Structure formats: structure tokens, C-alpha cells
Amino acid sequence: MTFKSFSQIRGQERAIRFLKQVIAGGKIPHAYLFTGIPGVGKTTTALALAQALNCREPINEEGCGGCRACKQVMNGNFPDLISIEPDNQNIKIDQIRELNRNLCFKPVTGPYRVSIIHQAETMTAEAANAFLKTLEEPPPGNILILKVTEPLDLLGTIISRCQKIPFRPLTRVVIKELLMTETDIDEESALLLANISEGSLGQAIDSWEGDFLQKREEAIVGLIQLPSIPAEDALDMALMLTREAKKAKTDEKGKDLFNLFGLWKSWLRDLIVVKVGWTEALFNLDFSRNINKTAHHLGLENLINGFFLLDQAQKDLRGARNLDLMMENLVLNLRKCLI
Ligand SMILES: [Zn+2]
């Protein structure tokens, strides 16, 4: 991840304005809850905050970029930065105990040590309780930043002790621009990725680095064929998709399916867009003929239902106990919407 200072971060102006105000006011809360989907700049902002707080000569509440602390943060070797991530599925009590021990030492470089807790919602109950004690009264010189997609997944007692800072999904324009400045992507692919990455730059970059374009084609062709194949074949398709998803590494399980549902959503969205006569807003421009033809004989209500089925499926993926069953239901219900 390339370092960015506050003024280089795009699309999170509100969050950054707030953090700068806090720094300017001089009363720095010791715990923050950064909320929002992955890939919109939460970690980047946390690092910019670490820099701004430790800079010797900050300019407009921003790191100067030249002092020792600034350089260390930029180069990724700032000694007063702790990063806690789930070990396997969860953040465990041992990780929190070790964190608590480390927080007792004085920061090495500047006035503040910054600890970032990634996927804070994965803390086990014991870990969360041990963490709660730290959160009540951390040793001076410590800033804690909890990152979470959905705050309701955390204990209320944790939420209430943190300064909440929401991070918004990025606009398509911002994602397209960032893709073009940060990768060697061509403009057409950047636009396509921006259209279907649900406001997450991280997801757009992941898709670009993977075999995204080929997968997208397969996903859309599969969906186009779905209404015309027998129900048994649709079930086979569902099982094949979950089999593929299960092959993925543990920490990426469900990600392929999440992206697949996103692509399917973009297809349904386009059908809806055409149906209501807003053809210039199409995402999947290269399939526009097919979309126009298909939209013609489908009902708007069915298309909207199909879209929300997929949207719900993306949310359900995280807690799904029986992926096969979930996919079978989804594919069959989706097929009904498209017939
Ligand atoms: Zn500096």
C-alpha cells in the first residue's frame, strides 16, 4: 500500500476534515472507530493520522513529510505503529494481551503510538472484554484505531468508547481516476471496474490484478444463459460455483462469490436502467445490444427483485453456514426473475 498524506487521500474529505479539526483543537481522543466497506481508505487514513500526530513540524495539521517520524511512517518502518489482524478467523485474547503489554511502554519516536485493529468485529468475546479494559483507560501516548465494516457487529460498550468516523464508498469518478493514476490500466477497463466495484478501490484493484476480465465475461454469459437452461442444470451451476469458491484460501473465501454477485447485480441494474429508459447510464457497455434485447421482455418488478436477491446474498455470504444451499436457492430464485 502506497502511503498518502491527508491531502492526497481522495473521497474521504469529511473524515479527514474531522480528524484535522481534532488535531487543531489539541484534545485528541484516544480511540477511533473507522467504519465502512473494505478498500475505501481506512488504513491509509490511519497511517496519515499517525504521521500527522507525530510530525515535528506539522503544516495545516498534516505531516511535513521531511522529519524523522514523517519519513518513518511513509517508509513503513515507524516503530510506534502496531497492527493487529485476525489470526485465522478471529482476533484472539492472546493478541489483545500482548497488545496491552506493549501499550505500557513509552512511544519510541514521537508523542503517540498508533495501534490499528483490523476487522475488529472478529474479536472473540474474551478478546473483546480484555480490549474493553484497555479502551477505558489506555496508558498515555496511545491512540487506538478500530476498523470495522459494520459497527453493529461490535459490542455496544466498545462502540460507545470510540470516536466514530464513517468512511463512505468512493464515487465511480474517483475510483476511475485512482485506478488510472495508480495502475497501468486502460481507460475503458478502468471505467468498467469503477462501475462494478461497489465503491471500493481495493476491490477494483484486486479485480484488475486477478483474471477479472475473463471471469466477468464468464459470469455474464452464465447469467444470460440461466433462464434458458433446465432447473437441474441451474442447480449444477450453483454447486459448481460454490465448489470453486471453496477452493480459495481461507482468508479469501467468499470473495469470488461476492464479486460474482456484484457482476450479476451490474447486469440486473443495466436491465433496470434500460427498462426505465435511461440507456446512457449503462455499466456493461460492451453488452448493450444484449441488454436492450433482454430488458424488452422482462418485467421491472422481477428485475428489481433479482437485484435485491443478489444484494442480500452479498450480505449473507459472511455468515453463511451452508454455502451450497444458499447458492442453490439464489440461482433458482434468480432464474425465476429472469424468465
Ligand atoms: Zn513531519
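# A tour from the zinc site outward

Start at the zinc ion: its four donor atoms subtend angles of 101 to 119 degrees, which makes the arrangement tetrahedral. Ideal angles for four tetrahedral donors are 109.5 degrees. Keep in mind throughout that this is a predicted model.

**Stop 1. The zinc donors.** Select Cys55, Cys64, Cys67 and Cys70 and show their side chains. Each gives its SG atom to the zinc ion, and the donors lie 2.2 to 2.4 Å from the metal. Along the sequence, the spacing of these donor residues reads C-x8-C-x2-C-x2-C. Now keep Cys55 and Cys70 highlighted. Cys55 is in the loop between α2 (42-54) and α3 (68-75), while Cys70 is in helix α3. They are 15 residues apart, and the pair links distant parts of the chain. Are Cys55 and Cys70 buried or exposed? Both are buried.

Stop 2. Asn60 counts as exposed because its relative accessible area is 60%, over the 50% cut-off.

**Stop 3. Thr44, in helix α2.** Step back to helix α2 and select Thr44. At a relative accessible area of 13%, Thr44 is buried. Which residues does Thr44 contact, leaving aside its neighbours within four places in sequence? Show Met1, Lys4 and Ile9.

**Stop 4. The loop between β2 and α4.** Move to the loop between β2 (81-84) and α4 (93-103), and select Gln89. Gln89 has 51% relative accessibility, so it counts as exposed. Asn88 is exposed, with a relative accessible area of 64%. Check its backbone: Asn88 has a positive phi of about 70 degrees, although it is not a glycine. Then draw a distance from Gln89 to Leu155. The two are 66 residues apart in sequence, and their C-alpha atoms are 18 Å apart in space.

**Stop 5. Strand β5.** Select Gln163, in strand β5 (residues 163-166). Gln163 is partly exposed, with a relative accessible area of 27%. Not counting residues up to four places away in sequence, Gln163 touches Phe18, Pro29, Ala31, Tyr32 and Leu33. The C-alpha atoms of Gln163 and Phe34 are separated by 8.5 Å, although the residues are 129 apart along the chain.

**Stop 6. The aromatic pairs.** Tyr32 counts as buried, at 1% relative accessibility. Phe34 is buried too, with a relative accessible area of 0%.

**Stop 7. Trp267 and Phe287.** Jump to another edge-to-face pair, Trp267 and Phe287. Their centres are 5.7 Å apart, with 85 degrees between the planes. Where do the two partners sit? Trp267 lies in helix α12 (residues 255-275) and Phe287 in the loop between α12 and α13 (288-296), so the pair ties together parts that are 20 residues apart in sequence. Both Trp267 and Phe287 are buried.

**Stop 8. Arg269 over a ring.** Select Arg269 and Phe283. The charged end of Arg269 sits over the Phe283 ring, 3.4 Å from the ring centre.

**Last stop. The whole chain.** Zoom out and colour by domain: domain 1 covers 6-166 and domain 2 covers 211-338. The C-alpha centres of the two domains lie 37 Å apart. Switch to a cartoon view, where the secondary structure comes to 15 helices and five strands. The C-alpha trace spans about 65 × 40 × 30 Å along its principal axes. Colour by accessibility next: buried residues make up 48% of the 339 residues. Among contacts between residues at least 6 apart in sequence, 71% join residues at least 24 apart.

Definitions and conventions. Residues numbered from 1 in each chain as written. Predicted model: local features only at pLDDT ≥ 70, side-chain atom pairs only at ≥ 80, totals over all residues. Heavy atoms only, no water. Buried < 20%, exposed > 50% of the residue type's maximum accessible area, 1.4 Å probe, protein only. Phe/Tyr/Trp six-rings, centres within 6.5 Å; stacked < 30°, edge-to-face > 60°. Helix = DSSP H or I, 4+ residues; strand = E, 2+ residues; numbered from the N terminus. Lys NZ or Arg CZ within 6 Å of the ring centre and 35° of its normal. Donors = N, O, S within 2.8 Å, 3.2 Å for Na, K, Ca; no water. Tetrahedral: all angles 85-135°; square planar, octahedral: opposite > 155°, others 65-115°. Contact = heavy atoms within 4.5 Å. Domains from an automatic or database assignment.
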